[in-house]
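Please read these notes with the model open beside you.

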Amino acid sequence: MTILKCKMCGGSLTISENERIAVCDYCRTKQTLPKLDDNKRIQLHDRANYFRRENEFDKAMGIYEMILSEDNTDSEAYWGIVLCRYGIEYVEDPRSHKRIPTVNRAQFTSIFEDENYKKATEFANPYQKEIYEEEASCIDKIQKGILSISQKEAPFDVFICYKETDSDGNRTPDSVYAQEIYTALIKEGYKVFFSRITLEDKLGSAYEPYIFAALNSARVMLVVGTAKENFNAVWVKNEWSRFISLIEAGKDKTLIPVYKDISPYDMPEEFQYLQSQDMGKIGYMQDLLRGIGKLVDTEKTTIKETVVINQGSTQIEPLLKRAFMFLEDGDFSRADEFCEQVLNTDPENAKSYLCKLLADLRVRSLDALSEIPNSFSDNNNYLKIMRFADKELKEQVKKCNDIIVRRNEENRKRDIYKKALEIMEHATTEQMFENAGFMFQEVKDYSDANLKSEQCFELGEEARKDEVILQAKNQMRGENPANYQSAITLLETVPGWKDADDQILVCRKRIEEIKAKAEAERLEKERRTAELHKAAEARAKKKRRLSVIITPIAAVVLIFVIVLTTIIIPNSKYNDAVALMEEGKYKEAITAFEELNGAKDSAEMINECKYSYATQLAYEGKYKEALAVFSEIVDFKDSKTLYSDILRKTTPKEVLCIAPYHTIGLKSDGYVVSTEAPNTISIYRNMVKLQNWTDIIAISTGSTHTVGLKSDGTAVAVGNNYYGECNVSDWTDIVAISAGDRHTIGMKSDGTAIAVGYNEMGQCNVNDWTDIVAISAGENHTIGLKADGTVVATGSDEFGQCCVNGWTDIVAISAGYAHTVGLKSDGTVVATNFKASTLRRNSGQCNVKEWADIVAISAGTNHTVGLKSDGTVVATDFSKPNDFCDYDGQCDVKDWTDIVAVFAGSDRTLGLKSDGSVVAAGDNDDGACDVSDWKNIQLPDNK
């Protein structure tokens, strides 16, 4: 079975092999599927569909094209490009609840004429083709409506592109500056598209027809921004990328970035070679108006200025000079236009192709050509230069391209070398050294990479041998000869390495000692048995001789002994125990009462002492010890109530959690906030409708669902409920919650646990747990911390994540994807490890043996984070960037300070500061780390 995400809503599709059509269980949409014969291609389709659902159409199109570069018969990839070109977003019809397409990138070309659509239907099977044709008809109908409306719109001179509102719905500074520019342009008599005003009378109707008309008619686009992220906001980028596409298609248009309070290098890469305006400079408005005047007024006289070449080559040189002058001014479209006029007369003019190449690349001169970031060897104009230019010009242009290629190759090698060096410097295991070694081999001709590669493999072998010796020494314990024999077997694989040979001798000597000791104990036991048997026979004879004399005396002695042991001594010990109890020495009193073996009401007094002792511990703030004692007398007096009160008071609350595509936070007022998540995926959209939650004291999120704990002990949940993981509405008396991948765990105030959701691995088998003081859910396993500091586990143990039976003195736990971490009372940390026999992968996320002075822990998918008592943070990760996981900087936390809580997710880490603000590290493709403006997040000890 294969798991794919729905193209419309993002829900999970479980698909059998060879299926090409599926119906989503969540949105009930019938849809086509990609080929299921290649896992990599499946993952690429999922990622492309995700970006498309996010309206990141250009990113999605790039991935679809990557798929086609490997398989040019993939109908789904062609169809994906079609959806991106027309900006198709599937929205839910509130009446029918069906997913219907909307067009966000209208085209003059009918979808039926689109080459990618033709390819999609060509390579589709009959069932897929039917769906493509049905959806294309719907899209074509919508587009015709857009074109019909847009044709009635008057043309614009200038299109102002900007971000109107921020994440809180407030107007951005960009909008204010854009309106100032709009006002100035209107005063100059220009026709300006400014959505805030232009579209204000279009409420209740679709905006795309008017945006489409304005994009196609405007001569100039101004992209206004005061922050890097605002330039790349989805709908802002949708507008300017469409405008650039029109320019690249040969339209005579100009895009001008207008910025303030940021570096021009923070603007999109596509703006790199464009002339821009800094709003922070004095007189920028006059410069902007003058520049627009040149562009717009020039367009009105283009016919007069255009020269028709019909007089032979005498006109070529002036046109070329004019073209290169436009290049110098940065007017690349005009430069290209004059080059085309030259080529109409002389189609083999190499200088004209050079000018067109520079215009294509947004470069103003040949001298600057080598400074652009990427090679242009596949550019058609470059190929024409190589075909028609003289030797000197060919060498000049080729030299520029060669410089770029060499520079990029050098940069690539340098980056690989740098990353390999970083891994090598931090490597502690054979696998880490091997990873670095292979990376050095990839760039072996760079610097000393070849030498470093050899060193890595040597160090890796040494690390392997060290690990063998460490494993052997861990076996060398106890009184079982088999342990030492296992150690010998390991040590014999690394003969002569360090003290391996000496340790083999130690093991053999220890085996001999254990066997000798066992033999001596056996002989001693036999001797003592014989002596006891002999002594017993002698006592029997003596007893028979003395029985006649002793019997009367024994009767009297017996009576005295009975009185002494049942009345006199117990009364004395009882009184001593009561005195200890009255002095507040409850532990000693408990021991004294226990020695009475139930005499008088000693059993009741033991419970009384334990009750008083537990109450005293709670008063002193020793809650863990108090819970352990109360758990022993749960039915005595109101111990159960007091146990529950302490548990409610002391259970740590999760106030930040990390979902696959967004971050959720709990504010001190009980409201929940979230970063922006995919707004077209129902299960994720529901996950961020958390601002409607109130009176929340803890939150937890899984892969596709989120759970909240309310102050009254009930729970709420949103998101995917395919396995019943959100069925928590009837829960009561809950003091802690934890969401796994597809299951949810709750801890009740009496120390028991409850669970719902996916239970194929037994991860919900917690009904018999008692005395639980903390819970944590991983992907397919669940961990519970007991009051006595031990840990219980249930669920998948494929990688040893449930091997916690020997853990003691634990005060906190955290379950990751396939590992478990425990914090001990002395500030050290323990962690489970991958079983090497089942999966030969490094387990760097469990490298916590050296940690000390830790006060809190959190386990992510492939990394572990620890909070130190001084408010700093340490982290360790999977350390295998070229295989199982990608390193996204989730462990870059060494500079964090004043942290009071840490939270680890799949590829991100969050830190909560004492002032209620949040810091983040890791993957931010989806904006999930955009939490720098969060304030008043609830601290973990807020109750």
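1. Strands here are DSSP runs of E with at least two residues, helices are runs of H or I with at least four residues, and both are numbered from the N terminus. Two strands count as paired if DSSP finds at least two bridges between them.

2. Within this sheet, strand 19 (residues 743–748) pairs with strand 20 over 5 bridges in the antiparallel sense. Opposite Met747 stands Ala753 in strand 20.

3. The model is predicted: local features need pLDDT of at least 70, side-chain atom pairs count only at pLDDT 80 or more, and totals for chains, interfaces and linings use all residues. Residues are numbered from 1 along each chain as its sequence is written, and side-chain values use heavy atoms, with hydrogens and water left out.

4. The average pLDDT of the chain is 82, and 88% of the residues score at least 70. Residues 678–686 fall below 50, and this stretch has 40 contacts in the model beyond near neighbours in sequence. Residues 880–886 also stay under 50, with 15 contacts beyond four places in sequence. pLDDT is the predictor's confidence in each residue, from 0 to 100, and contact means heavy atoms within 4.5 Å. Where pLDDT is low, the predicted coordinates should not be read in detail.

5. Another open sheet has 3 strands in the order 15-16-17, with antiparallel pairing. Its edge strands, strand 15 (696–701) and strand 17 (715–719), each pair on one side only. Neighbouring strands of this sheet are turned by 20° against each other on average, direction ignored. Strand 15 and strand 16 (residues 705–710) are joined in the antiparallel sense over 5 bridges. Ala698 has Leu709 in strand 16 as its bridge partner.

6. How do helix 17 and helix 18 pack, and at what angle? Helix 17 (residues 391–426) packs against helix 18 (residues 430–442) at about 160°, with the axes 9 Å apart. Axes are lines fitted to C-alpha atoms, for helices over the stretch in contact, and angles run from 0 to 180 degrees between N-to-C directions. Helix 17 and helix 18 are therefore roughly antiparallel; the cut-offs are under 35 degrees for roughly parallel, over 145 for roughly antiparallel, 65 to 115 for roughly perpendicular, and oblique for the rest. The crossing of helix 17 with helix 18 is left-handed, that is, the near helix is turned anticlockwise from the far one by less than a right angle, clockwise being right-handed.

7. The contact of helix 17 with helix 18 has 11 nonpolar, 1 polar and 3 charged residues. Ala, Val, Leu, Ile, Met, Phe, Trp, Tyr, Cys and Pro count as nonpolar, Asp, Glu, Lys and Arg as charged, and the others, Gly among them, as polar. Among the residues that meet are Ile416 and Leu421 in helix 17, and Phe433 and Met439 in helix 18.

8. Helix 13 (residues 316–329) and helix 15 (residues 350–360) cross at roughly 15°, and their axes come within 10 Å. That makes helix 13 roughly parallel to helix 15. The contact includes Leu320 and Phe324 of helix 13, and Leu354 and Leu358 of helix 15. By class, its residues divide into 8 nonpolar, 1 polar and 1 charged.

9. The axes of helix 2 (residues 57–70) and helix 3 (residues 75–85) come within 9 Å and cross at roughly 160°, which makes helix 2 roughly antiparallel to helix 3. Their crossing is left-handed. The contact of helix 2 with helix 3 has 10 nonpolar, 1 polar and 2 charged residues. Tyr64 and Glu65 are among those in helix 2, and Gly80 and Arg85 among those in helix 3.
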